[in-house]
Amino acid sequence: MRVVRNALLPPRGFDAINILGTIFCRKDTDIDASLLRHECIHTAQMKEMLYVGFYLWYLIEWLIRLPMKGRAYNKLLMEREAYTHMEEADYLEHRRHFAWLLRR
(Lines give C-alpha, C1' and ligand atoms only; values in the text may rest on other atoms or scores of the structure.)
Protein backbone atom coordinates (compact mmCIF):
# COMPACT_ATOMS: atom_id res chain seq x y z
CA MET A 1 0.00 0.00 0.00
CA ARG A 2 1.36 3.39 -0.96
CA VAL A 3 1.77 6.00 1.80
CA VAL A 4 1.98 9.72 0.98
CA ARG A 5 3.14 12.05 3.75
CA ASN A 6 2.01 15.65 3.37
CA ALA A 7 0.93 18.77 5.25
CA LEU A 8 -2.76 18.89 4.16
CA LEU A 9 -4.37 15.47 4.49
CA PRO A 10 -6.00 14.13 6.53
CA PRO A 11 -7.90 16.83 8.41
CA ARG A 12 -6.55 17.47 11.91
CA GLY A 13 -7.76 14.94 14.44
CA PHE A 14 -7.35 11.98 12.07
CA ASP A 15 -4.28 9.81 11.61
CA ALA A 16 -4.75 8.92 7.96
CA ILE A 17 -7.16 9.00 5.04
CA ASN A 18 -7.41 6.35 2.36
CA ILE A 19 -8.09 7.69 -1.11
CA LEU A 20 -8.43 5.03 -3.81
CA GLY A 21 -6.12 2.69 -1.91
CA THR A 22 -3.41 5.28 -1.18
CA ILE A 23 -2.88 6.36 2.43
CA PHE A 24 -2.37 10.05 3.03
CA CYS A 25 -1.00 11.07 6.41
CA ARG A 26 0.68 14.04 7.99
CA LYS A 27 4.46 14.08 8.12
CA ASP A 28 4.62 13.37 11.86
CA THR A 29 2.08 10.51 11.91
CA ASP A 30 3.36 7.22 13.30
CA ILE A 31 2.17 4.51 10.92
CA ASP A 32 2.11 1.18 12.70
CA ALA A 33 0.84 -2.24 11.61
CA SER A 34 -2.64 -1.74 13.07
CA LEU A 35 -3.14 1.59 11.26
CA LEU A 36 -2.02 -0.05 8.00
CA ARG A 37 -4.45 -2.93 8.57
CA HIS A 38 -7.25 -0.44 9.30
CA GLU A 39 -6.62 1.24 5.95
CA CYS A 40 -6.22 -2.11 4.16
CA ILE A 41 -9.68 -3.06 5.43
CA HIS A 42 -11.00 0.14 3.87
CA THR A 43 -9.26 -0.73 0.61
CA ALA A 44 -10.99 -4.14 0.63
CA GLN A 45 -14.31 -2.36 1.22
CA MET A 46 -13.58 0.00 -1.68
CA LYS A 47 -12.79 -2.84 -4.07
CA GLU A 48 -15.96 -4.78 -3.27
CA MET A 49 -18.04 -1.62 -3.82
CA LEU A 50 -16.14 -0.62 -6.97
CA TYR A 51 -14.68 2.47 -5.25
CA VAL A 52 -17.47 4.90 -6.21
CA GLY A 53 -20.01 2.91 -4.21
CA PHE A 54 -17.75 3.04 -1.16
CA TYR A 55 -17.52 6.83 -1.20
CA LEU A 56 -21.24 7.28 -1.90
CA TRP A 57 -22.27 4.94 0.92
CA TYR A 58 -19.73 6.46 3.31
CA LEU A 59 -20.93 10.01 2.62
CA ILE A 60 -24.65 9.18 2.76
CA GLU A 61 -24.28 7.18 5.97
CA TRP A 62 -22.22 9.97 7.53
CA LEU A 63 -24.87 12.57 6.59
CA ILE A 64 -27.63 10.39 8.06
CA ARG A 65 -25.71 9.85 11.31
CA LEU A 66 -24.51 13.46 11.65
CA PRO A 67 -27.58 14.75 13.53
CA MET A 68 -27.65 11.69 15.81
CA LYS A 69 -26.15 11.70 19.29
CA GLY A 70 -22.41 10.97 19.38
CA ARG A 71 -19.71 11.31 16.76
CA ALA A 72 -21.03 10.21 13.34
CA TYR A 73 -17.58 8.98 12.22
CA ASN A 74 -17.40 6.41 15.03
CA LYS A 75 -20.81 5.00 14.12
CA LEU A 76 -20.15 4.40 10.43
CA LEU A 77 -20.44 0.71 9.62
CA MET A 78 -17.24 0.67 7.56
CA GLU A 79 -15.26 2.40 10.31
CA ARG A 80 -16.64 0.02 12.92
CA GLU A 81 -15.41 -2.97 10.92
CA ALA A 82 -11.98 -1.41 10.42
CA TYR A 83 -11.55 -0.45 14.09
CA THR A 84 -12.87 -3.78 15.36
CA HIS A 85 -10.41 -5.84 13.30
CA MET A 86 -7.34 -3.62 12.92
CA GLU A 87 -5.44 -5.60 15.58
CA GLU A 88 -6.03 -8.95 13.84
CA ALA A 89 -2.99 -9.67 11.65
CA ASP A 90 -4.82 -12.29 9.55
CA TYR A 91 -8.24 -10.62 9.32
CA LEU A 92 -8.09 -9.87 5.59
CA GLU A 93 -7.28 -13.52 4.86
CA HIS A 94 -10.64 -14.70 6.22
CA ARG A 95 -12.75 -11.54 5.87
CA ARG A 96 -16.16 -12.10 4.31
CA HIS A 97 -17.26 -9.79 1.52
CA PHE A 98 -19.44 -6.94 2.79
CA ALA A 99 -18.53 -7.83 6.38
CA TRP A 100 -19.21 -4.23 7.40
CA LEU A 101 -22.82 -4.61 6.29
CA LEU A 102 -23.28 -7.91 8.11
CA ARG A 103 -22.29 -6.41 11.49
CA ARG A 104 -25.03 -5.88 14.02
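**The strands and their loops**

Modeller: Pro10 lies in the loop between S1 and S2, where the S stands for strand: strands (E, at least two residues) and helices (H or I, at least four) are DSSP runs, numbered from the N terminus. The peptide bond between Leu9 and Pro10 is cis, with omega at about 0°. In general, most peptide bonds are trans, and most residues other than glycine have a negative phi.

Before we go on, a word on what you are looking at. This is a predicted model, in which local features need pLDDT of at least 70 and side-chain atom pairs count only at pLDDT 80 or more, while totals for chains, interfaces and linings use all residues. Residues are numbered from 1 along each chain as its sequence is written, and side-chain values use heavy atoms, with hydrogens and water left out.

Now let us follow strand S3, which covers residues 22-26. Five of its five residues are buried, where buried means under 20% relative accessible area, exposed means over 50%, and partly exposed lies in between (1.4 Å probe, protein chains only). In a regular strand, side chains alternate between the two faces of the sheet.

What are the partners of S3? Two strands pair if DSSP finds at least two bridges between them. S1 (residues 2-6) and S3 pair in the parallel sense over five bridges, and Val3 has Ile23 as its bridge partner in S3. S2 (residues 16-19) and S3 pair in the antiparallel sense over four bridges. Here Ile19 has Thr22 as its bridge partner, and Ile17 stands opposite Phe24.

S2 also has side chains that alternate, with a contrast between its faces.

S2 and S3 form a hairpin, with two residues between the strands. Leu20 sits in this loop. Its phi is near 55°, a positive value in a residue other than glycine. Is Leu20 buried or exposed? Leu20 is exposed, with a relative accessible area of 54%.

Leu50 has a positive phi of about 60° although it is not a glycine. Leu50 lies in the loop between helix H1 (33-48) and helix H2 (52-65), and it is exposed, with a relative accessible area of 68%.

Now step back to the whole chain. It has six helices and three strands, and from the N terminus on the elements run β-β-β-α-α-α-α-α-α. The radius of gyration is 13 Å, close to the 13 Å that the globule rule gives for 104 residues, so the chain is as compact as a globular protein of that length. That radius is taken over C-alpha atoms, and the rule is 2.2 Å times the number of residues to the power 0.38. The C-alpha trace spans about 35 × 35 × 25 Å along its principal axes. Of the 104 residues, 40% count as buried.

Among contacts (heavy atoms within 4.5 Å) between residues at least 6 apart in sequence, 40% join residues at least 24 apart.

The helices cover one another too. In helix H4 (residues 77-85), the buried residues are Leu77, Met78, Glu79, Glu81, Ala82 and His85. Their cover includes H1, H2, helix H3 (72-75), helix H5 (91-94) and helix H6 (99-102). Ala99 is in H6 and counts as buried at 13% relative accessibility. Ala99 touches Glu48, Glu81 and Tyr91, not counting residues up to four places away in sequence. Ala99 and Glu81 are 18 residues apart along the chain, and their C-alpha atoms are separated by 7.3 Å.
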